[in-house]
Amino acid sequence: MSDQTRCGFVALIGAPNAGKSTLLNAMVGAKVSIVTHKVQTTRALVRGIAIHGNSQIIFVDTPGIFSPKRRLDRAMVTTAWGGAKDADRVGVLIDAKKGLDDEALKMLESLAQVKRPVFLVLNKIDLVKRDQLLKLAEEANSRSAFERVFMISAETGDGVEDLKTWLAGEMPDGPWLYPEDQISDLPLRMLAAEVTREKLFLRLHEELPYSSTVETELWEVKPDGSARVEQTIYVERESQKKIVIGKGGQTIKAISTAARQEIAEIAEHPVHLFLFVKVRENWSDDPERYREMGLEFPK
Ligand SMILES: Nc1nc2c(ncn2[C@@H]2O[C@H](COP(=O)(O)OP(=O)(O)OP(=O)(O)O)[C@@H](O)[C@H]2O)c(=O)[nH]1
Ligand SMILES: [Mg+2]
């Protein structure tokens, strides 16, 4: 093997819930991007860094692509396409169980705007039969020109290593952009806000996950090595605040406990987590909230 290092960006795009964040985490070997069974979990670009041989591969997780309605939706979808346009390679994920539904077809149609080499990833192959997969690959191939097709399960890891090996060989020559031990570009306080948002998504239902956002306001390291972390959960209405708090504070307590454990693991020191719920009627029209999320504010 030569000493020449390689480094490049690989954007993962696809409909909501296709498994982009799961794949990014599998590639990095650690949880960098939050994952839930709900659609539209990821809201901004999340970079996860993997190393394979002499190659540093910077995976860019993107929000799912769908027909946007609200301002936040628009910001997410624009961000996703933006992430793809800047990458050396673009991986399009399709949920093999869902196949080419309307959402996937629309996304494939818009793919022409990405002037980058694109590879196809049929994900969730643990859920479908082989002959169904081959048919799906054929159908997808007839709609768009893919460099390669991979069939993987981001969840079980099946096929993930093959994809990584191929990508490592495709990265352009160049110096590594991140230190060898860095796995994400998200600052700890942002990662911590994402963890809490994940727990919110897992615990709350209907429109609530989509009507809320989380920000870390304070991260204060104490002399004993622990940290006091304060976060605000923004919701749109007083009635939503009540649901987030729950009867006798049960819901917020459960969210807080789950989030605290995970944040402490990531930070590698004990964390005292304080969650505050604030009603901010039009937070999704407030440019400041978008800045905090790392999103462009759509006019
Ligand atoms: N069975 C199975 N489930 C998977 C696989 N990959 C992802 N999932 C599940 O699919 C759901 C969505 O995964 P995510 O990684 O959050 O999907 P995403 O594409 O990032 O979704 P958005 O951020 O909403 O766009 C989660 O419940 C995952 O556990 C897979 O290979 N097999
Ligand atoms: Mg995601």
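Start by selecting A96, which touches L122, N123, K124, I125, L127, V128, L133 and L136 when residues up to four places away in sequence are not counted, a contact being two residues whose C-beta atoms, placed from the backbone, lie within 7 Å. This is a predicted model, in which local features need pLDDT of at least 70 and side-chain atom pairs count only at pLDDT 80 or more, while totals for chains, interfaces and linings use all residues. Residues are numbered from 1 along each chain as its sequence is written, and chains are lettered from A and ligands numbered from 1 in the order in which they are written.

With A96 still selected, follow the loop between β4 and α3 (102-110), where A96 lies; helices (H or I, at least four residues) and strands (E, at least two) are DSSP runs, numbered from the N terminus. The C-alpha atoms of A96 and I125 are separated by 6.2 Å, although the two residues are 29 residues apart along the chain.

Next, select helix α2 (residues 71-85), whose 15 residues should span 21 Å at 1.5 Å a residue, in agreement with the 21 Å between its end C-alpha atoms; the expected span is 1.5 Å times one less than the number of residues. Colour L72, A75, M76, V77, T79, A80, G83 and A84, which are the buried residues of α2, and then display what covers them, including β1 (6-14), β3 (55-61), β4 (89-95) and α9 (287-293).

Move on to ligand 1, which is surrounded by 24 residues, the closest being G19, S21, T42, G64 and E155; a residue is near a molecule if its C-beta atom, placed from the backbone, lies within 6 Å of it. Helix α1 (residues 20-28) gives the most to this shell, with three residues. The shell divides into seven nonpolar, 13 polar and four charged residues, where Ala, Val, Leu, Ile, Met, Phe, Trp, Tyr, Cys and Pro count as nonpolar, Asp, Glu, Lys and Arg as charged, and the others, Gly among them, as polar.

Two backbone details can be inspected next. N17, in the loop between β1 and α1, has a positive phi of about 75° although it is not a glycine, and it counts as buried because 22 C-beta neighbours lie inside 10 Å. Q40, in the loop between α1 and β2 (46-52), has a positive phi near 60° and is likewise a residue other than glycine, but Q40 counts as partly exposed, with 18 C-beta neighbours inside 10 Å.

Finally, select helix α6 (residues 188-203) together with helix α8 (residues 250-267), whose axes come within 9 Å and cross at roughly 145°; the axes are lines fitted to C-alpha atoms over the stretch in contact, and angles run from 0 to 180 degrees between N-to-C directions. The contact is made by L188, L191, A192, V195, T196, K199, L200 and R203 of α6 and by T251, A254, I255, A258, A259, E262, I263, I266 and A267 of α8, and its residues divide into twelve nonpolar, two polar and three charged. The buried residues of α6 pack against β7 and β8 (227-235) as well as α8.

E206 and K38 are 10.0 Å apart in space, C-alpha to C-alpha, and 168 residues apart in sequence.

Notes: Buried ≥ 20, exposed ≤ 12 C-beta atoms within 10 Å, placed from the backbone.
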